[in-house]
Amino acid sequence: MIVVLSKNISGHDKDIIRVYLKDRGFSVREQFFGEEAVIGATGKGVADIRELGLLPGVERVAQTSKPYELASRETQSADTIVSVGPVKIGGSRITVIAGPCAVESREQIQETAERVRESGAVMLRGGAYKPRTSPYAFQGLGMKGLEFMKEAGEALNMPIVTEVVSPEFADQMKDLTDMFQIGARNMQNFELLKKVGSLGMPVLLKRGPSATMEEWLMAAEYLLASGTKDVVLCERGIRTFETYTRNTLDISAIPVVKKLCHLPVIVDPSHAVGIRGKVSPAALAAIAAGADGLTVEVHPRPDEALSDGMQSLFPEQFERLMRDIEALAPVVGKELLRTPLFAPPTDTVVPKSKPPTDTAPQDAPVAFSGDSGSYAEQALMRVFGDDAARLSCGSFQAVFDAVLDGSASAGVVPIENSLTGSIHENYDLFLRYPDIAIVGEVTRRITHCLIADERASIDDIRVVRSHPQGFEQCREFLSKHPDWEQQPSVSTATAAASIAREGATRIAAIAGEEAAKVFSLKVLKYGIETNPLNYTRFAVIARRGADGVPLVPPSLGSAPPSKASLVFSVTDEPGSLFACLKILTEKGLNLSKLESRPIQGQPWTYLFYTDVTIPGDESLFQSVLTELKAKTKDFYLLGIYR
Ligand code: PEP
Ligand code: MN
């Protein structure tokens, strides 16, 4: 049972409620859910709910139907986002933890950390104390191993997670680790759960090999009831009759537990499958099923590993898995969390000279076009976090203006859609705003809905509003309603906002589910885009400093650039475009986009918009740029970014 307290409750009234509950056989614990202070009453007590509800300072009493009250979605409907240092787990991100099964030596953990960090892991795992089936197997290096791991994590700005096998070790471990892992074998070691929970630190709770989902959630309840609020659940395979794999990955547990409970759920495909070659497919299945992240065993030389070598990935396999996750993430509406840790921007390729002389207004908001609930706003939150300060603008150009005049530290604008092609308005704006550069990119799956007032029905609709892109992407659906008048808006969310404001029942909007939520509208039809493989690429834009180097927002991280967007025109003679492309071919640079576009005011002359993959060797790219500039008529570098 949950007693929600009123905002201004006095300490005295709180005491009365506590005593009331304790007298009736409950254990009580105060907790905060966002703004709300609640007292969780657990145990076998009996109380008169009506009488309790009338006590001074009680806002309402919520009875949950689940024995895991603090973990239950009934108690908290929003996803819990767990922070481990600068790394977040939960919400719309996919967080990948990687590292060896066990810390074996200082060099081994450092090397592994470097390799997995390079591929994009944001946290480091490794066992210092190992729970082994055989007493004769390697038991871990203990505290010494943890010291090595802390050192490796700190050197690379990666928070670490390690298993605690006994309550007596917890105190000495707490200053060296960022997150505790409770291993599968210890999931129901209640004294361990109580002790670790009471330290208030983030905990990764593995599911026991034969634990039901409810037993697992009850173990989480122990942790929450003991004092921590940062619990991440980890499905790692359960015991079944199957012996081919080490365990059986319970994929169905992911959506079920996420429905029952607000805590993030990640998956350990390594212990689930136990066979190196089968780890990556299982990991991808977990992401497809809605997992908030993974913890994966990686070893630089798995054949020499002191434990779990059979299931440890080679670093190259892990790198490939990360690339596959990146490709899969937008399908499930998520983004792979990349190094969110600030380090100064890497030496930018052009111009290579000085560092920025002025700084970006870092505390200024990030601009996007349209109202709250727009796709651009969601893309923005992916990059800058759910709590990022945001500035809603009336047009794409207003986003460029806000970034240029410093009222925004950065902006997010759509540049290409997989169904309808380039958003030319924004490509044209880049040419008109040479002081704005592309500094990042984010791809988002776009699922359009027909949304309207609570009282509306699809048969009554006469008018539909959306951004012109919304109409374009839902052409097939709209062709079934030829009598609907189409009214364009600044953004899909702006269309939704206008309907909510007018309370109209004959007007619908084409917008995302998020916009329906923001404006309390009803989804009349979900998924009306012509093809479900509907993705939009958004560019993150920032102002260039005095020396031309873009002022990259720190939240974009420090990963080296992998892509460049260029625009150029060529002379009007045979072979001039071929000569430019030849430079790229000869240097082995992959061209991922090439599009021609008429130059405004110069009929029948064209600009070529190109995206190229940047090689690891930046000086090579630098020389390509010099050669290209010599061969082209006009040349603009829109940005180099990841
Ligand atoms: C581990 O993560 O190293 C481990 C021992 O996992 P589990 O407790 O899931 O077996
Ligand atoms: Mn292991």
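The shell around ligand 1 divides into seven charged residues, three polar and one nonpolar. Here Asp, Glu, Lys and Arg count as charged; Ala, Val, Leu, Ile, Met, Phe, Trp, Tyr, Cys and Pro as nonpolar; the others, Gly among them, as polar. This is a predicted model, where local features need pLDDT of at least 70, side-chain atom pairs count only at pLDDT 80 or more, and totals for chains, interfaces and linings use all residues. Residues are numbered from 1 along each chain as written, chains are lettered from A and ligands numbered from 1 in written order, and side-chain values use heavy atoms, without hydrogens and water.

Now the polar contacts: pairs of N or O atoms within 3.5 Å. R236 places a polar side-chain atom 2.6 Å from an oxygen atom of ligand 1. For K130, that distance to a ligand oxygen is 2.8 Å. K206 also has a polar side-chain atom 2.8 Å from an oxygen of ligand 1. The protein covers 97% of the 290 Å² of accessible area that ligand 1 has on its own. That area is Shrake-Rupley, with a 1.4 Å probe.

Next, the metal. Which residues coordinate the manganese ion (ligand 2)? C101 (SG), H271 (NE2), E297 (OE) and D308 (OD), at 2.0 to 2.4 Å. Donors are N, O and S atoms within 2.8 Å of the metal (3.2 Å for Na, K and Ca); water is not among the atoms, so sites may look incomplete. C101 and D308 are 207 residues apart. C101 is buried, at 2% relative accessible area; D308 is buried too, at 18%. Buried means under 20%, with a 1.4 Å probe and protein chains only.

Terms used. Polar contact = N/O pair within 3.5 Å; in protein donor to acceptor, adjacent residues only side chain to side chain. Helix = DSSP H or I, 4+ residues; strand = E, 2+ residues; numbered from the N terminus. Buried < 20%, exposed > 50% of the residue type's maximum accessible area, 1.4 Å probe, protein only.
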